[in-house]
Amino acid sequence: MNRFLATVVVAGWLGLAAATGARADATVGAPAPDFRLQDQDGNWIRLADHKGKWVVLYFYPMDDTPGCTTEACEFRDNIFAFRRLGVTVLGVSVQDVASKKAFATKHGLPFPLLADTDKSVAKAYGVLGVMGVARRETFVVDPQGRIARHYPSVDPKTHSTQLLADLGVMTRPGAVAP
């Protein structure tokens with residue numbers, strides 16, 4: 001494999017390559033694209049079901065890989081802090097329900113992991129990488145169903161803590177989303 005092709009493959013695998021879909025529907029201030037996906041228990045989850053609540057919608061490349069496990073476990077370890085703020089955490093990747101179930105069970109993940117098997121949600125949010133997996137990006141959806149914040153670059157080790165700090169400000173009564 002030549003060096004250029006190897007770089008493209010690695011960049012795509014890590015979710016660093018350019019999106020294959022447009023971000024037009026997933027910009028800060030715009031209504032968050034709705035979806036209907038199954039979680040690890042086979043329950044159907046719609047974003048619209050969470051209207052009136054803050055939602056952290058985090059996309060990740062693959063179940064049970066090192067960075068994705070670190071990020072998911074950080075959310076798990078901070079889940080009570082998110083709940084105290086009235087924030088729902090939803091994880092999304094393109095693997096199927098069985099993969100989500102195994103990942104959630106293995107790591108004791110107490111929040112929905114959503115199976116975007118047709119990749120439509122990753123496309124709608126503009127996070128589908130060239131290798132067909134979601135890039136590691138996060139959207140905060142406000143109680144009115146609008147995108148309040150987009151994190152295009154995420155460190156799996158610190159992202160949960162960063163979100164909590166930002167949400168602490170955003171969820172205060174009278175606060176204006178950045």
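Strands E4 and E5 (residues 113-115) pair in the parallel sense over 3 bridges. Strands here are DSSP runs (E, at least two residues), numbered from the N terminus. Two strands count as paired if DSSP finds at least two bridges between them. Within this pairing, Gly91 stands opposite Leu113 in E5. The model is predicted: local features need pLDDT of at least 70, side-chain atom pairs count only at pLDDT 80 or more, and totals for chains, interfaces and linings use all residues. Residues are numbered from 1 along each chain as its sequence is written, and side-chain values use heavy atoms, with hydrogens and water left out.

E4 also pairs with strand E3 (residues 54-59). This pairing is parallel too and runs over 6 bridges. Val89 in E4 is the bridge partner of Val56.

Buried means under 20% relative accessible area, exposed over 50%, and partly exposed in between (1.4 Å probe, protein chains only). In E4 (residues 87-93), 7 of the 7 residues are buried, so the strand is largely enclosed by the rest of the structure. Val87, Val89, Gly91 and Ser93 point one way from E4. Thr88, Leu90 and Val92 point the other way. Residues of both sets are buried.

Val92 lies in strand E4. Its relative accessible area is 1%, so Val92 is buried. Val92 touches Leu37, Leu57, Tyr58, Phe59, Tyr60, Leu114 and Asp116, not counting residues up to four places away in sequence. Contact means heavy atoms within 4.5 Å. Val92 and Thr138 are 46 residues apart in sequence. In space, Val92 and Thr138 are 9.8 Å apart, C-alpha to C-alpha.

Methods
Helices (H or I, at least four residues) and strands (E, at least two) are DSSP runs, numbered from the N terminus.
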